[in-house]
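Here's a quick look through a protein model, with the cut-offs spelled out as they come up. Have the viewer open while you read.

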Amino acid sequence: MQYTNNHKNDIDPIETQEWVDSLKELINKYGTNRAHFILDNLISFARRNGIRTPFKPFTDYINTIPLNQQKPYAGDRAIERRIKSIIRWNAMAMVVQANRKNHGIGGHISSFASSATLYEVAFNHFFKGPDSNGGDIVFFQGHCSPGIYSRSFLEGKLSKNMLKNFRLEINKDGGLSSYPHPWLMPNYWQFATVSMGLGAIMAIYQARFMNYLIDRKIIDNSNKKVWAFLGDGEMDEPESLGAITLASREKLENLIFVVNCNLQRLDGPVRGNGKIIQELEGAFRGAGWNVIKVIWGSDWDTLFENDKTGILKEKVNNAVDGDFLKYIVEGGKYFREKFWNTNKDLSELVKHLTDEDLENLRVGGHDPAKVYSAYYEAVNHKGQPTVILAQTIKGYGLGEAGEGRNITHQQKKLNEQELLHFRSHFNIPISDKDCINAPFYKPNEDSEEILYLKKMRKNLGGYLPSRSNKASSIQIPDIHIFDELINGSENRKVSTTMVFVRLLAILTKDDRIKKYIVPIIPDEARTFGIDPLFRELGIYSHFGQKYDPVDSDQFLYYREAKDGQILEEGISEAGAISSFIAAGTSYSNHSINLIPFFIYYSMFGFQRVGDFIWAAADMRTKGFLIGGTAGKTTLAGEGLQHQDGHSHLMASAVPNLKAYDPAYSYEIAVIIHYGLKDMYEWQNDVFYYLTLENENYVHPPMINEEISESIIKGIYCIKETNLKSKIRVQLLASGSMLNEIIEAARLLKDDWDIDASIWSVTSYSELHKEAEDIRRWNILHPESKPRKSFLEKMIKTINGPVIAVSDYVKLVSEQIAPYINCPFVALGTDGFGRSDTRENLREFFEVSRYYIILYALDKLAKINQIDKIVVSKCIKKYNIDFNKPNPNKV
Ligand SMILES: Cc1ncc(C[n+]2csc(CCOP(=O)(O)OP(=O)(O)O)c2C)c(N)n1
Ligand SMILES: [Mg+2]
């Protein structure tokens, strides 16, 4: 081994070589660890003596694992290559067939073409299957799904018919979903990854959550790994890199990122003018990860070995990604001219190679030997997470149809010539005549390939991906555990937030259930008053508490503990929701039901991490999302970016989410109790969203037990109208707006002699969903006796116009309008928030009791039950400013 760096500036190469030789001897005699130790000491000494080595976050553009440390391959390379080629072929055929028959149905060929080796080496040698301690957790790159299906086809897990129905999911024979969607393929996919970036951060928190479960002694440490396969373009998403320091801080040696660095994303190069692998190496090294670069294949080993002057290393260091892409597209002759022939020593290095040889020099991510070695190191590495940065070629094997080209991501159809090329390149035993139809190919069950592939998976514990649901249900205690909430707050004024905190305290004290509760908070515990739980439950920290907390002399001190139960995530809603997903899918990933409560500032929920919530829904995550300090006018003082007036609108679009805006303590108790049963006793794949507010008022005791069902369905009556009174209206409200309609009803009676019924709406969206379902049924069954929705049974035309209020945008309460057969008006808080007092805000957003009365009178005037003049009188009486601008426009 000769020293090669900075040779041009060397004033005494012989001396330099002596230093290199002594290091070499050290390595040979005592190994790399000792060499590392000595170098570390030398660097410290150098620093102390004034030598300032400039910081370079990345190493040379060469493989991290040198040839002499490469682990020998433990498989049959030839058979594995044949298997991989067939998998490549079927993955391609799946997309081509889908697009020939069903014009424009989509699919991706090129991404998997670049990562086939990365997956195949893992499938044959590393991924632990479900029978091996529950198996590894694998986040597959979303749009590589054709390759994963294709392998399952060879394994016998998916039929040819299913492959034919790729992306035709409505098909009754069962189609395959475009991307990993556990909702659509619940026995197969585990993680929804195709919204770029989510996979990376979710994987980090899955790995961290696994440690949490081990540290809390809920599961055993079975050396399970979390693998995340990611695209290099995907790494630009803030979520991809946003939590990497958490992974190293927590020493997640159970986590492996594999970044498929094909240097391209959808439109073109990821870093045409730079080097994505170097950039990522810098970021991950800086964050404290173990970085393994797999850049060059074995073909390059001799070239680097013969590079006595270091010119090749210098050349690859200086070429930008745009250059490498051009070499791929233009071929060997161009590569020689523009790369190798730029220097005499360089061209010497490859003079024995033909242009074709040059073209075929493989990069690292396509060389099983290099990939194997990297995985081997990754799974055995201690104390740090590992990222493997593997250079690959997008559209590998597609030739002119796309290899390395800017259009490659969108390539979905191959013409006859291109199919023949692909077939021959990978030696697929299909005739020319058949080939042009891009048929699926599967060797016989007793073929070497199928036997090998099955044997390898059997050794590793079975097939992946595979999603299961083996968790036993949790017996939920009787509703009476919440009796103190059901009995109301007596005469104390409390907020729903305080009620919830009490409820959480009850749950975490109950021996039957406490173990399963996972409170998750992104640095808002004190805002909501949950901080007393710090001491009781402890804040989870893998390292315990190494310091004496500043408040250790107090009863409720900041207690971190290895078996702590609370996940205090700091200011990262993305991290906290990822923990929620990890906890809420543990029933499937670890066969243990857990009950996460993710408690956050509601404004920073749906609108900040809405995409994660959608992914959580797809993944059948269970648990409670708790949006605190909710309601645009209920949260006083904070202003525009804090006041949540639309999370319920967004929540109503998530099909398996049940969203509630409760007003009273007993409503909260009933909803959460039902939710616990729904998710954990009956094991339904739903999750719950509750908004909590910080307005203090008295909570009455529950009227009777019979209303429980109505609370769950979304509406119940607090006060009925007197049928004897001539003029009647029906006032509906959710959350703390219930107080406003109660006041409005009082004033309607006192000031206008109008009788109002009062309804607490716990969920406009649940009412809407049920009513819509009934309407649909009625339309589809025109001659059957029409069914009545729950809403229709509750709200009767004879009781007069309906005014439906919420502290959210009008569309939230308006969603029930089509199912109400009497005059209807929705009141809500459209527009940008403001900081002011609650009272002023309710005036400004026109949801105060006076506006409720105004709208009620207006409706009554419209149906001629009162004179218009009464409406004018109302405006006057309550000083309503009729020139006031619409709050939605200012
Ligand atoms: C959040 C998000 N934005 C955009 C897309 C659309 N999209 C799908 S694949 C892709 C390019 C991916 O490039 P890269 O991550 O490098 O993966 P490759 O296919 O090159 O392996 C894009 C933009 C998406 N799926 N998710
Ligand atoms: Mg890419």
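## Salt bridges

At 35% relative accessibility, arginine 502 is partly exposed (buried is under 20% relative accessible area, exposed over 50%, partly exposed in between, using a 1.4 Å probe and protein chains only). Glutamate 484 also counts as partly exposed, at 40%. Arginine 502 makes a salt bridge with glutamate 484, with the closest N and O atoms 2.7 Å apart (a salt bridge means a side-chain nitrogen of Lys or Arg within 4 Å of a carboxyl oxygen of Asp or Glu). Arginine 502 sits in helix α21 (residues 496–507) and glutamate 484 in helix α20 (residues 483–486), so the pair ties together parts 18 residues apart in sequence. Helices (H or I, at least four residues) and strands (E, at least two) are DSSP runs, numbered from the N terminus.

Aspartate 678 pairs with lysine 658 in a salt bridge, the closest N and O atoms being 2.8 Å apart. Here aspartate 678 is buried at 3% relative accessibility, and lysine 658 is buried at 17%. Then there's glutamate 743 with arginine 746, a salt bridge at 2.7 Å, N to O; both lie in helix α30 (residues 737–752), 3 residues apart, about one turn of the helix. The overall count is 41 salt bridges.

## How to read the numbers

This is a predicted model: local features need pLDDT of at least 70, side-chain atom pairs count only at pLDDT 80 or more, and totals for chains, interfaces and linings use all residues. Residues are numbered from 1 along each chain as its sequence is written, chains are lettered from A and ligands numbered from 1 in the order written, and side-chain values use heavy atoms, with hydrogens and water left out.

## A covered strand

Strand β18 (residues 755–761) is mostly covered, with 7 of its 7 residues buried. On one side are Asp755, Ser757, Trp759 and Val761, and on the other Ala756, Ile758 and Ser760.

Strand β18 pairs with β16 (residues 715–719) in the antiparallel sense over 4 bridges, and with β17 (residues 728–733) in the parallel sense over 6 bridges (strands pair if DSSP finds at least two bridges between them). Cysteine 717 has tryptophan 759 as its bridge partner, while valine 729 stands opposite alanine 756.

## Around leucine 625

Leucine 625 is in contact (heavy atoms within 4.5 Å) with residues including Phe580, Tyr600, Leu657 and Tyr689, leaving aside neighbours within four places in sequence.
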